[in-house]
There are 2 protein chains.
Amino acid sequence: MPSTNRTRARKAGPYHHGDLRAALIDTAVELIGERGVRNFSMAEASRRLGVAASAPYAHFADRDALLAAVKVRAYDLLAAELPGIREVPDPAGRLAALTRAYVRFAASSRALFEVIYQAGLDKARYPEVEAAERPVTDFFLACVLALTAPAGDAGGAAPASVPGADGPVPDGDAAEYLATALEATAHGHAVLLLEGEFGDGPQAVSAAAERAARATLALVAGRHLLR
Amino acid sequence: MPSTNRTRARKAGPYHHGDLRAALIDTAVELIGERGVRNFSMAEASRRLGVAASAPYAHFADRDALLAAVKVRAYDLLAAELPGIREVPDPAGRLAALTRAYVRFAASSRALFEVIYQAGLDKARYPEVEAAERPVTDFFLACVLALTAPAGDAGGAAPASVPGADGPVPDGDAAEYLATALEATAHGHAVLLLEGEFGDGPQAVSAAAERAARATLALVAGRHLLR
DNA sequence: GTCTATATATCGATAGAC
DNA sequence: GTCTATCGATATATAGAC
């Protein structure tokens, strides 16, 4: 049974892992999935990997630094869904697909989702996290803008509004209102799903994702009511 | 070295608080507001109240029991908003008002909001929490039902007529779809507000509450798109 | 890069005195 | 109802050996 003994059977010396840094991230995801971010500890991760409690500190300055690395992985995984979504022809459909992917991501990678929203990391301290987040938010905002400024002046600098209109820059505000509502709705569905309000199992995930997508379309359709 | 005698100068006996149980709940809310549920500890609450670390255990079996009491207070406070909302004439307006109140509650009682969603209490162990939650959910569901089944029995009080509601009744499904979308949207806006995505200060709270209310109306208007 | 050993904390919870 | 005293567990993080 060499499987229990990871890679050492020959030397009796100190244990050398191939890539402790990567292994720590994996194990962190595991542990967070089992007991939540709040109960995640460096000590337990070390135990599970069979290394000394001090070993992680050779790779991560502290607990938060490890969590930041996990968070980067989370955004990378979510961003991997974008290419497929990009191929949906209309902007509203892309937003619905993005919402669907977001809800499914929350379910399939619960630990990563939890790290994104509950790790409580200091933003200023981990710029790499923000960089990893950017592709997702950029894509999202592009979809919303494509909806709220659909005609020829998509790239237009100054949307010189008609004096009779109700606001100085109606398109920009409209985009922001819609974006906020969509973000809140997608996130809300994901949270409700994780709390079990849709039941359990893959069919609950599908139901939540589908309903979130529908709600997205409903908000897009009624976006004139937002402000 | 008994030099640090706190507030007792008259009696040399053991310190008696007027109502330690209530004081513990207050202090828990305070501490959670400052450092989050996850960092709340019985020990620190005792310290802040100037009582022995063991004193709380005369009133609460353990840490979770205290958190459960806090959670009950949270629902009670939220439920205190209901009478005012009840006076809004139309169901959609009531739902918008409820959403507004929910978002404002999250901001004004951040600690209580956090306990509701992040305490991780065992539901079966604290039935009093579920009892405290009921008035709010009942009112919410009644509003939704008044919308989706507006014909005959709109005026009648519909408290817990069909708690399960997963039956084959078509209107019941429509109500459930709408209820889920509304809940997700309200909660999503509250979370985004607490994360600072609306900025800071009372004007950020108002903006978030107003947008959430608008999104509610948009979803109500487009509820035929849900499923 | 990992180990051993350790300093330092903080916590939950209990027993028994008053 | 509160106190003193205490046990046992667990955590973060550092220093120095190999």
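## Contacts and make-up of chain A

Among the contacts in chain A that join residues at least 6 apart in sequence, 69% link residues that are at least 24 apart. This comes from a predicted model, and in it chain A holds 9 helices and 0 strands, so that the order of elements from the N terminus reads α-α-α-α-α-α-α-α-α. Of the 227 residues in chain A, 35% are buried.

Arg38(A) sits in the loop that runs between helix H1 (20-35) and helix H2 (42-49) of chain A. Because Arg38(A) has 17 C-beta neighbours inside 10 Å, it is classed as partly exposed.

## Two domains

The domain assignment divides chain A into domain 1 (17-60) and domain 2 (70-150 + 168-225), and the C-alpha centres of these two domains of chain A are 29 Å apart. To the contact between them, domain 1 of chain A gives 7 residues and domain 2 of chain A gives 9 residues. On the side of domain 1 of chain A that touches domain 2 of chain A, 5 residues are nonpolar, 2 are polar and none is charged.

## Helix H9 of chain A

Helix H9 of chain A covers residues 202-221, and at 1.5 Å a residue its 20 residues should span 28 Å, which agrees with the 29 Å that separates its end C-alpha atoms. Several residues of H9(A) are buried, among them Ala208(A), Ala209(A), Arg211(A), Arg214(A), Thr216(A) and Leu219(A).

## How the two chains are related

Two copies of a chain are related by a rotation about an axis and a shift along it. Here, chain B can be laid on chain A by a turn of 180° and a shift of 0.2 Å along the axis, with an RMSD of 0.1 Å, and this is therefore the relation of a two-fold axis. The same surface serves both copies, since 100% of the contact residues of chain B recur in chain A.

Terms used:
Residues are numbered from 1 along each chain as its sequence is written. Chains are lettered from A and ligands numbered from 1 in the order in which they are written. This is a predicted model: local features need pLDDT of at least 70, side-chain atom pairs count only at pLDDT 80 or more; totals for chains, interfaces and linings use all residues. Copies are superposed by least squares on the C-alpha atoms of residues with pLDDT of at least 70 in both. Two residues are in contact if their C-beta atoms, placed from the backbone, lie within 7 Å. Helices (H or I, at least four residues) and strands (E, at least two) are DSSP runs, numbered from the N terminus. A residue is buried if 20 or more other C-beta atoms lie within 10 Å of its own, exposed if 12 or fewer, and partly exposed in between; C-beta atoms are placed from the backbone. The expected span of a helix is 1.5 Å times one less than its number of residues. Domain bounds come from an automatic or database domain assignment. Ala, Val, Leu, Ile, Met, Phe, Trp, Tyr, Cys and Pro count as nonpolar, Asp, Glu, Lys and Arg as charged, and the others, Gly among them, as polar.
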